Amino acid sequence: MATLSISYHDIGFACGEMAAEILLNGADVSKMEVRFAPQFTKEFNAELCAALGITPPADYVAIA
């Protein structure tokens, strides 16, 4: 009924940056830090919440 939605564009961009570090600068992939989504959106299913009588937190947005 609720999720933290990530931007696959942002994830792909970060992946490209990491690939460039490996391919252009010879970075050791085994020593690279794990990267996470820099931003996320709190979303909820409005129809399901209404059917269950649940009020989501104010900082969540309805999934379009």
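This is a predicted model: local features need pLDDT of at least 70, side-chain atom pairs count only at pLDDT 80 or more; totals for chains, interfaces and linings use all residues.
Residues are numbered from 1 along each chain as its sequence is written, and side-chain values use heavy atoms, with hydrogens and water left out.

I begin with the sheet. Helices (H or I, at least four residues) and strands (E, at least two) are DSSP runs, numbered from the N terminus. Two strands are paired if DSSP finds at least two bridges between them. Three strands form an open sheet in the order β1-β2-β3, with mixed pairing. Its edge strands, β1 (2-6) and β3, each pair on one side only. β1 and β2 run antiparallel and are joined by five bridges; in one of these, I6 has F40 in β2 as its partner.

I turn now to the salt bridges, each defined as a side-chain nitrogen of Lys or Arg within 4 Å of a carboxyl oxygen of Asp or Glu. The count is two. K42 meets D59 with the closest N and O atoms 2.7 Å apart. K42 lies in strand β2 and D59 in the loop between α2 (46-52) and β3 (61-62), so this pair ties together parts 17 residues apart in sequence. E17 and R35 form a salt bridge at 3.1 Å, N to O. E17 belongs to helix α1 (residues 8-25) and R35 to the loop between α1 and β2 (40-44), 18 residues apart.

Finally, accessibility: buried means under 20% relative accessible area, exposed over 50%, and partly exposed in between (1.4 Å probe, protein chains only). K42, at 28%, is partly exposed, as is D59 at 45%.
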